[in-house]
Amino acid sequence: MELILALAIGVLTGSGVWLLLRPRTYQVIMGLALMSYAVNLFIFSMGRQGLAINKAPVLRNGVPTDLAHYADPMPQALVLTAIVIGFAMTALFLVVLLASRGSSGTDHVDGVHSRTEQEML
């Protein structure tokens, strides 16, 4: 299971970096989204080191109240918060992309038309 999770994190990170290096704004935004998914998986996988199977997520009567007997909720809470913030930031980036494309007429990261686009205009 660890190998599959590590491969998923690696593929998401590699794809995100590759898309970040592309010249179009939409591809850069999708690269940032993939990188955030990879970081979320990484945080979640690091939180599993202290977890064991069959541990209770909430306090129960008759079980000691130390952390050795319960699941750690912090990684799940951090990842859930990161997913919500990442979704909001992606939506904001897409709105800015549409506004920028409408005002400049191009979606290149540097804002310059390519040679074929200049000839078409």
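**View 1. Helix 1 (2-20) and helix 3 each contribute at least two residues to the nonpolar patch.** In this predicted model, in which residues are numbered from 1 along each chain as its sequence is written, local features need pLDDT of at least 70, side-chain atom pairs count only at pLDDT 80 or more, and totals for chains, interfaces and linings use all residues. Side-chain values use heavy atoms, with hydrogens and water left out. The surface patch is formed by Val 17, Leu 20, Leu 21, Leu 32, Ile 85, Met 89, Leu 92, Phe 93 and Val 96, which together have about 780 Å² of accessible area (Shrake-Rupley method with a 1.4 Å probe; for residues, only the protein chains shown count as cover). Patches are made of residues with over 30% relative accessible area and no salt bridge, with like charges joined within 9 Å and nonpolar side chains (Val, Leu, Ile, Met, Phe, Trp, Tyr) within 5 Å; a salt bridge is a side-chain nitrogen of Lys or Arg within 4 Å of a carboxyl oxygen of Asp or Glu. Helix 3 supplies the largest share, 5 residues. Val 17, which lies in helix 1, is partly exposed, with a relative accessible area of 37% (buried means under 20%, exposed over 50%, and partly exposed in between, with a 1.4 Å probe and protein chains only).

**View 2. The chain is built from 4 helices and 0 strands.** The elements run α-α-α-α from the N terminus on, where helices (H or I, at least four residues) and strands (E, at least two) are DSSP runs, numbered from the N terminus. Of the 121 residues in the chain, 17% are buried, and the chain exposes about 9,000 Å², of which carbon and sulfur atoms supply 70%.

**View 3. Helix 3 has 31 residues and spans 44 Å from its first C-alpha to its last.** This span is close to the 45 Å expected at 1.5 Å a residue, the expected value being 1.5 Å times one less than the number of residues. The buried residues of helix 3 are Pro 75, Val 79, Thr 90 and Leu 97, and helix 2 (25-47) is included in what covers them. Just after helix 3, Gly 105 adopts a positive phi of about 85 degrees.

**View 4. Val 79 and Thr 90 are two of the buried residues of helix 3.** Val 79 counts as buried at 11% relative accessibility, and, leaving aside its neighbours within four places in sequence, Val 79 is in contact with Asn 40, Ile 43 and Phe 44 (contact means heavy atoms within 4.5 Å). Although Val 79 and Ile 43 are 36 residues apart in sequence, their C-alpha atoms are 7.0 Å apart in space.

**View 5. Asp 107 is found in the loop between helix 3 and helix 4 (115-120).** Asp 107 is buried, with a relative accessible area of 12%, and its side chain makes a polar contact with the side chain of Arg 24 at 2.5 Å. A polar contact is a pair of N or O atoms within 3.5 Å; within protein, one must be able to donate a hydrogen and the other to accept it, and residues adjacent in sequence count only if both atoms are side-chain atoms. Apart from neighbours within four places in sequence, Asp 107 is in contact with Pro 23, Arg 24, Thr 25, Leu 97 and Arg 101.
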